[in-house]
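Please open the model in your viewer and keep the selection tool at hand.

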Amino acid sequence: MDTIASLFSFITTPVSWIIVQFHSLYGAIFGPDTGWAWGLSIVSLVILIRICLIPLFVKQIKSTRNMQALQPKMKAIQERYKNDRQRQSEEMMKLYKETGTNPLSSCLPILAQSPFFFALYHVLSKIASGDEIGVLNKDLVNSAREAHIFGAPIAAKFMDDPAKVEALNASLTDVRIVTAIMIILMSASQFYTQRQLMQKNVDLTVKTPYMQQQKMLMYIFPLIFAVMGINFPVGVLVYWLTTNVWTMGQQMYVINQNPTPGSKAQDHYLQRLLKSITAQGEVRSRRKRSVIQAIVAKGTDRNDNERRFISGLAKAGLAAQADGTVTKSETAEAEAEGGAAQRRQQPKRQSKSKRQTTTAQPGAAKGSDPAGATAKTSLEKDKPAEGRSRAGSSQGDAKQGAGGNKATGSARQPKSGQRKGSQRPKHPSSKK
């Protein structure tokens, strides 16, 4: 590790200078030889570096999302040219060039931090051995050696032997307890950051090998940090724990304010945005207007979350415009209310037995239709006496049959092949 750290010795002078400047500030408050002064100097160094790396972090987010969107196309290229590695690489590079995606952009923040990390490790190693480095003179080195964070010197390690720890005026038990707690917190923060990224900020509609790789890294990275952490000085653990906490907070902000399209975080964000617009009746933030503008521009290519958002605006009588604003729309409100009324007015589906009972009862009542009886009476007046007597006989038989049916309490059953329900009255001259 010392060999690797020495490769970044060109940056040890700037790092040591920054630490000294912050130490002079915190030393005036807490005392120059205290662990708070040196510990907060390291924390401030991390914050300063991470602020400078925010543009790279933005590129990392864009690159990660582009890589997620390109996974189906990349998989198709791999299957198409699985026997031609050279053509496969050419098609991949062509795809990256067309979409403006750089696969290394997702690693930029880590790569940019590496020189500062190894430079800080080199500085702390020199402090532990009592050697001057960068702008740290002998007095500052001795002051840093005497600084303790919760009883552990900032230059001590978990694997140091008792003699080396005693030379730093500390006990091995205190050093190992403090370093163990820091290692656990460092690994836990790394795991939680990756876990919230996988559960909330990943497009669930795209199932790709990239998601499986990220899931594996969620468990592998904390283990790597735990194993490496036992060889890190306390000051380096403070550095890495601070940068993990910063990453976790930065990731939470991005998930809440700029989620990945199609993810659970986007659904929650759009629901909050819908409530805000419905309550205020307008879009007041420029950033929110840009979000709505992007959704409107997608047209029919919207995902499920975005379609629910547009539908929610329509139910509230609002319509999203191309410039990101919303306007009142009577058409959208009427369509939403009409759809709701139509859903409320739909009749309840009846069972088969209830439908048969309902059909049978009107049929029995329609058998004594007064319109049919009137037509029959008018025909009887116009026919001869013999026809009337024959019709009277038929009526008597019909009345007798009806009375018999009424007495037995059952309706007349239709013959085989005869239509159910009310029957058309027969002509008096019919023989049947």
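**The aromatic cluster**

In this predicted model, select Phe117, Phe118, Tyr121, Phe225, Phe232, Tyr239 and Trp240, which ring pairs link into a cluster. The structure as a whole holds 11 aromatic pairs.

Next, keep Phe117 and Phe118 in view. These residues form an edge-to-face aromatic pair, with 5.2 Å centre to centre and 75° between the planes. Is Phe117 buried or exposed? Phe117 counts as buried, at 8% relative accessibility. Phe118 is also buried, because its relative accessible area of 16% is under the 20% cut-off.

Now select Phe225 and Trp240. Their aromatic pair is tilted, with 5.2 Å centre to centre and 40° between the planes. Phe225 belongs to helix α10 (residues 209-229) and Trp240 to helix α11 (residues 234-257), so this pair ties together parts that are 15 residues apart in sequence. Both Phe225 and Trp240 are buried.

**The surface patch**

Turn to Ile29, Phe30, Trp36 and Phe150, which form a nonpolar patch on the surface with about 510 Å² of accessible area together. Trp36 is located in helix α3 (residues 35-52). Trp36 is exposed, since its relative accessible area of 53% is over the 50% cut-off.

**The annotated spans**

An unreviewed UniProt entry lists residues 7-29, 35-58 and 217-241 under "transmembrane region". Select residues 35-58: the span is 96% helix and 0% strand, and its end C-alpha atoms lie 34 Å apart. For residues 217-241, the end C-alpha atoms lie 18 Å apart, and the span is 84% helix and 0% strand.

**A final stop**

Finally, select Arg176 and Phe158: Arg176 lies over the face of Phe158, at 5.3 Å from the ring centre.

Note on methods: Residues numbered from 1 in each chain as written. Predicted model: local features only at pLDDT ≥ 70, side-chain atom pairs only at ≥ 80, totals over all residues. Heavy atoms only, no water. Patch = residues over 30% accessible without salt bridge, like charges linked within 9 Å, V, L, I, M, F, W, Y side chains within 5 Å. Areas by Shrake-Rupley, 256 points an atom, 1.4 Å probe, with all protein chains shown as cover. Salt bridge = Lys/Arg side-chain N within 4 Å of Asp/Glu carboxyl O. Helix = DSSP H or I, 4+ residues; strand = E, 2+ residues; numbered from the N terminus. Buried < 20%, exposed > 50% of the residue type's maximum accessible area, 1.4 Å probe, protein only. UniProt positions renumbered as here; feature names shortened; annotations may be inferred. Phe/Tyr/Trp six-rings, centres within 6.5 Å; stacked < 30°, edge-to-face > 60°. Lys NZ or Arg CZ within 6 Å of the ring centre and 35° of its normal.
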